[in-house]
Amino acid sequence: LQAAVHHRAMEKAIAKGDLAPMYYPLLYGADPNRRNDQKELLLELAIREKQTLNVAYLFCFKASREELTSTGETLSQLARRVRNECTGDEDLEMRSQAILELVEQPGTERLIR
């Protein structure tokens with residue numbers, strides 16, 4: 001039950017682009033690869049919401065780059081699709097490009113800490 005509560009709190013944090021509510025659950029062992037009832041990963045939600053810092057933060061807490069999304073895509077495929085959908089908005093393009101680099105280049109999350 002506590003794991004589900006932590007997961008929902010982290011989902012809300014991602015929707016708001018907020019890191020603070022994610023800190024204690026992850027620090028005290030919440031699974032960054034846990035799926036919600038819709039089988040979505042926290043990383044999947046953060047990528048779709050274009051929340052660059054949340055993506056980096058989850059990688060810092062050992063979220064897996066190897067998990068498939070709820071629709072069967074790799075995280076890289078999802079990040080590329082999201083980036084391609086952001087044409088015309090420079091801020092979203094930059095954020096989605098940064099997310100793609102975080103997903104495809106392990107270790108880049110350290111640059112954002």
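Me: Buried means under 20% relative accessible area, exposed means over 50%, and partly exposed lies in between, with a 1.4 Å probe and protein chains only. On that scale, is tyrosine 28 buried or exposed?

Reply: This is a predicted model, in which local features need pLDDT of at least 70 and side-chain atom pairs count only at pLDDT 80 or more, while totals for chains, interfaces and linings use all residues. Residues are numbered from 1 along each chain as its sequence is written, and side-chain values use heavy atoms, leaving out hydrogens and water. Tyrosine 28 has a relative accessible area of 65%, so this residue counts as exposed.

Me: How many aromatic pairs does the structure hold?

Reply: Rings of Phe, Tyr and Trp (its six-membered ring) pair if their centres lie within 6.5 Å, and planes under 30 degrees apart count as stacked, over 60 as edge-to-face and the rest as tilted. Counted in that way, the aromatic pairs in the structure number 3.

Me: Why is the pair of tyrosine 24 and tyrosine 28 called stacked?

Reply: A pair of aromatic rings is described by the distance of the centres and the angle of the planes. Tyrosine 24 is itself exposed, at a relative accessible area of 52%. The ring centres of tyrosine 24 and tyrosine 28 are 6.0 Å apart, and the pair is stacked because the planes stand at 10°.

Me: What kind of pair do tyrosine 57 and phenylalanine 61 form?

Reply: Tyrosine 57 is buried, with a relative accessible area of 18%, whereas phenylalanine 61 is partly exposed, at 23%. Their ring centres are 5.3 Å apart with planes at 65°, so the pair is edge-to-face.

Me: How many residues of helix 4 are buried?

Reply: Helices (H or I, at least four residues) and strands (E, at least two) are DSSP runs, numbered from the N terminus. Among the buried residues of helix 4 are Asn54, Tyr57 and Leu58. Helix 4 is mostly covered, and its buried residues number 7 of 9.

Me: How is helix 4 oriented to helix 6?

Reply: Axes are lines fitted to C-alpha atoms, for helices over the stretch in contact, and angles run from 0 to 180 degrees between N-to-C directions. Helix 4 (residues 52–60) and helix 6 (residues 90–104) pack with axes 9 Å apart, at an angle of about 10°. Angles under 35 degrees count as roughly parallel, over 145 as roughly antiparallel, 65 to 115 as roughly perpendicular and the rest as oblique, so helix 4 is to helix 6 roughly parallel.
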